[in-house]
Amino acid sequence: MVKIGKLELGEFPLLLAPMEDVSDPPFRAVCKQNGADLMYTEFISSEGLIRDAAKSVQKLDIFDYERPIGIQIFGNEIESMREAAAIAEEAGPDILDINYGCPVHKVACKGAGAGILLDIDKMVSMTAEIVKAVNIPVTVKTRLGWNHETIRIVEVAERLQDVGIQAISIHARTRQQMYKGEADWSYLNLVKENPRLHIPVFGNGDIDSPEKAAEYKAKYNVDGMMIGRASIGYPWIFNEIKQYLQNGEKLPAPDLDERIAVAKKHLDFSVEWKGEKLGILEMRRHYTNYFRGMPNFKQYRTEMVTAESYEHVCEILQQVAHAYADYEFS
């Protein structure tokens with residue numbers, strides 16, 4: 001049984017990665033219904049929380065059916081992160097997560113996210129203060145290092161454990177790699193082989209199929225996996241991986257009716273939570289993956305990503321159901 005503090009997550013939990021502009025409540029809802037064991041919010045700016053910025057505060061919205069759920073924060077000032085951690089705890093999450101992995105320029109090059117990998121001592125000090133500031137388990141998501149020459153992940157994991165974190169998720173790329181090249185999970189194996197480390201280690205990066213999940217589970221000895229980009233428009237991946245790990249059998253691909261039903265559910269929640277205009281706008285990034293592989297689909301995708309009313313999107317979904325009634329996904 002993998003545990004974060006007293007939180008029991010099962011024998012090999014699958015986590016939904018915190019993804020900016022993706023891991024919102026509507027998306028988390030469909031991932032939870034399709035097997036995600038633990039989910040995190042989008043990352044939230046510590047400065048935004050302290051200033052009570054509307055966009056940051058809205059990201060604190062969590063719902064009981066999502067539990068267990070973690071709120072993730074990022075920033076580059078220790079005092080601001082400590083204050084933000086206390087604010088986030090008031091929203092009632094099960095876990096507080098610290099983002100030490102975001103590689104984008106506007107975050108990392110200001111010393112936040114993966115930028116703090118250039119100052120491990122500050123990373124440890126910041127983590128220690130955040131652990132002291134809250135009464136819930138603190139976890140960390142990070143990368144291997146800033147670049148290949150600065151990889152110190154075995155040391156980092158141990159030092160963060162020693163100041164109180166209760167789990168670590170590691171994206172097996174450096175900041176320099178961004179999302180390019182192959183994730184190198186061999187470093188996660190080195191972290192797990194450290195005899196002083198006893199907290200759960202979750203692997204992240206390139207897990208996009210049940211077969212790869214099974215291969216990496218056997219090869220790298222991690223305690224669970226965090227799924228990110230592969231879940232966008234395809235929340236079924238969580239249950240597909242679970243089934244394959246359990247008995248080696250692949251679940252059939254979701255048929256068109258199920259894809260439309262889940263896309264519609266996702267859309268409904270998006271509109272309900274954000275309002276029609278923003279809900280429709282932010283849903284557009286998901287349609288390509290919900291209907292990936294369907295032939296001659298460009299026309300419908302274009303219509304869906306330009307439709308401006310809820311009724312119009314629903315009408316297009318009905319057209320898709322009729323036009324592809326006999327289509328079978330492989």
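A salt bridge is taken here as a side-chain nitrogen of Lys or Arg within 4 Å of a carboxyl oxygen of Asp or Glu. The model is predicted, so local features need pLDDT of at least 70 and side-chain atom pairs count only at pLDDT 80 or more, while totals for chains, interfaces and linings use all residues. Residues are numbered from 1 along each chain as its sequence is written, and side-chain values use heavy atoms, with hydrogens and water left out.

**The two domains**

Begin by colouring residues 1–245 as domain 1 and residues 254–322 as domain 2; these bounds come from an automatic or database domain assignment. The C-alpha centres of the two domains lie 29 Å apart.

The area buried between the domains is about 1600 Å², and carbon and sulfur atoms give 65% of it. Buried area here is the accessible area (1.4 Å probe) that two parts lose on being put together, summed over both. Now show Pro26, Gly233 and Trp236, which supply 33% of the area that domain 1 buries against domain 2, more than any other three residues.

**Across the interface**

Select Lys274 and Asp24, which form a salt bridge with their closest N and O atoms 2.5 Å apart. The count between domain 1 and domain 2 is 1 salt bridge. The interface also has 7 residue pairs in polar contact, with both residues at pLDDT 80 or more. A polar contact is a pair of N or O atoms within 3.5 Å; within protein, one must be able to donate a hydrogen and the other to accept it, and residues adjacent in sequence count only if both atoms are side-chain atoms.

Helices (H or I, at least four residues) and strands (E, at least two) are DSSP runs, numbered from the N terminus.

Move to Asp37 and Lys242, whose side chains meet in a salt bridge (2.8 Å, N to O). Asp37 lies in the loop between α1 and β4 (38–45) and Lys242 in helix α10 (residues 237–247), so the pair ties together parts that are 205 residues apart in sequence. Asp37 is buried at 18% relative accessibility, whereas Lys242 is partly exposed at 29%. Buried means under 20% relative accessible area, exposed over 50%, and partly exposed in between (1.4 Å probe, protein chains only).

Then select Asp94 and Arg67, a salt bridge with the closest N and O atoms 3.2 Å apart. Asp94 is in the loop between α4 (78–90) and β6 (95–100), and Arg67 is in the loop between α3 and β5 (69–74), 27 residues away. Arg67 is partly exposed, at 30%.

In helix α6 (residues 120–133), Lys132 and Glu129 are separated by about one helical turn because they are 3 residues apart. Their side chains form a salt bridge (3.4 Å, N to O). Lys132 is exposed at 63%, and Glu129 is partly exposed at 30%.

Select Asp121, Arg152, Glu155 and Arg159 together to see a network of salt bridges.

Finish at Ser56 in helix α3 (residues 54–58), which is buried with a relative accessible area of 10%. Leaving aside residues up to four places away in sequence, Ser56 touches Ile44, Ser45, Gly48 and Leu49.

Methods
Contact = heavy atoms within 4.5 Å.
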